[in-house]
Amino acid sequence: MSTAILSNTLIKKLVSSFVAILILAGLGYTIATIYLSNNYFYETTQRLHSNLAKDLIEEKFVDQSPIDSAGTVNKALFGDIMHDMMAVNRAIEVYLLDMEGYVQYSVVLDHDAPQTNQKKVSLKPINEFIALNGKGYILGDDPKNTQNKQVFSAAKFNKGGTEGYIYIILAGEEYLNTRELLFGSYVLKLGFGTLLVTLLFAAILGALSVWYLTKNLRELVYAAKRFQQGDLRYRIQNAEKSDLAGVTTTYNAMAETILNDMEQIKSLEALRRELIANISHDLRTPLAIIQGYIETLQMKDAELTQEERSDYLKIINSSGERLSKLITQLFEYSKLEANQIEPKPEPFLISELANDVHRNYQVLAHQKNIDLKLEMDEGIPLVFADISLVERAIQNLMDNALKFTPENGEVTVEIRPYQTNVEIAIKDSGPGILQENQALIFERYRKTKTGKQKEGAGLGLAIVKKIMELHNSKIRVFSIPNEGTTFSFSLPVYNIA
């Protein structure tokens, strides 16, 4: 199971996405670290040397002015400054600025190169630095390239009638050149080290996270494999408390549904075999009778009396009618079961339909000496249903009642109105149906015991049940052995809006 889980496409995608995010995070962390460490170094350097320009003025410009009365730069003084700066920091560059920001002279260690007013730097950061007394982190122009910004120290002087600024770049050209040489190696080491540590830590954390987060997913996959291997009753325990509660509970419900459907299919298959056997038997019986009497007529035609020949033909006709009725029921039931019949409801008077049925069945009832009654109140309201299907259901119930009611018995059709529906009931005084068999009589070709006799319920009641289902109604049965049976159903009252 472990190998199958690890090869799961979803987990591979999760791990790949997680690693990609970690690599990007590592690169981002490296870049941020370099940027922040760079700023940290610059700010530290500026804070450490913030008073350098001020101290230089206080020490070197006490008796001398950087510019004499003739406006000439005191190079000897700047020579001393260069000597002192070498002891402090070889990366320092010292510039003499006038009050407009033009470079008057510069001391770049190891490169004593006088500067003219060809270069100008912005005085705004210099004045801001002086106002803050060197306590803020401020970047100023690099006189060699004013597009670049550098950390600096600055102070204003006023000596010998001349004013200006001492502007000291704390990370000069020599520092920048050295930094560029070392920067690539530093970035490589820092980036590789940071990325390696991040990936190592993240790999451990990611593996644990994926293992923990996919715990419920693994259980779901395991349950699916168990189900696939034939363990149809295996379910995910405490599915509603899972991190994937929606999926796991749905899986359990799906598995339960599949199991129920499979059991129902097995049951239907058994019923199908029983149905085929019963149909074959019921079709075979009238066919055998018809075939037998036709053969008798053919073989003994000359020996038979007219009365015997007439009796044989009546039996053949009766068996043919029985066969025709059975085939009609089979065709009707198959169409109902396949949902090929669409009810067409309409308002009609159930009282008129009951009167028609009562009148049509009087002849059959009289032949068996059965008392056929019709009981209903006045003013029965309209019902809303498919009149032809309802008539078919009542006819099947009447056929069933007359079939099981003995001679001198009684069959009653009752119509009772209620507030929202009308109830139709057919009562007989037959042998009744045993309690344990009452739930089975509506199944197709289910053989049940009615009273003390074993009779086939046929498809009549199964057709009634299907018709009622099409009308969102139910067929109900109430029976006491040896006292009779009542079948009833309800139809909705038609409301005239």
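Mentor: Ground rules. The model is predicted: local features need pLDDT of at least 70, side-chain atom pairs count only at pLDDT 80 or more, and totals for chains, interfaces and linings use all residues. Residues are numbered from 1 along each chain as its sequence is written, and side-chain values use heavy atoms, leaving out hydrogens and water.

Trainee: In what order do the five strands of the open sheet stand?

Mentor: Strands of a sheet pair through backbone hydrogen bonds, either parallel or antiparallel. Two strands pair here if DSSP finds at least two bridges between them. Strands (E, at least two residues) and helices (H or I, at least four) are DSSP runs, numbered from the N terminus. The order is β7-β9-β10-β14-β13, with mixed pairing. β7 (371-376) and β13 are the edge strands, each pairing on one side only. The twist averages 15° from one strand to the next. Axes are lines fitted to C-alpha atoms, for helices over the stretch in contact; angles run from 0 to 180 degrees between N-to-C directions.

Trainee: How many bridges join β13 to β14?

Mentor: Five, and the two strands run antiparallel. Val 477 stands opposite Phe 487 in β14.

Trainee: Where is Asn 408, and is Asn 408 buried or exposed?

Mentor: Buried means under 20% relative accessible area, exposed over 50%, partly exposed in between (1.4 Å probe, protein chains only). Asn 408 lies in the loop between α12 (387-404) and β9 (410-417). Its relative accessibility is 66%, so Asn 408 counts as exposed. Its phi is positive, near 65°, in a residue other than glycine.

Trainee: What is the phi of Asn 472?

Mentor: About 55°, positive although Asn 472 is not a glycine. Asn 472 sits in the loop between α13 (460-470) and β13 (476-480). Asn 472 counts as exposed because its relative accessibility is 78%.
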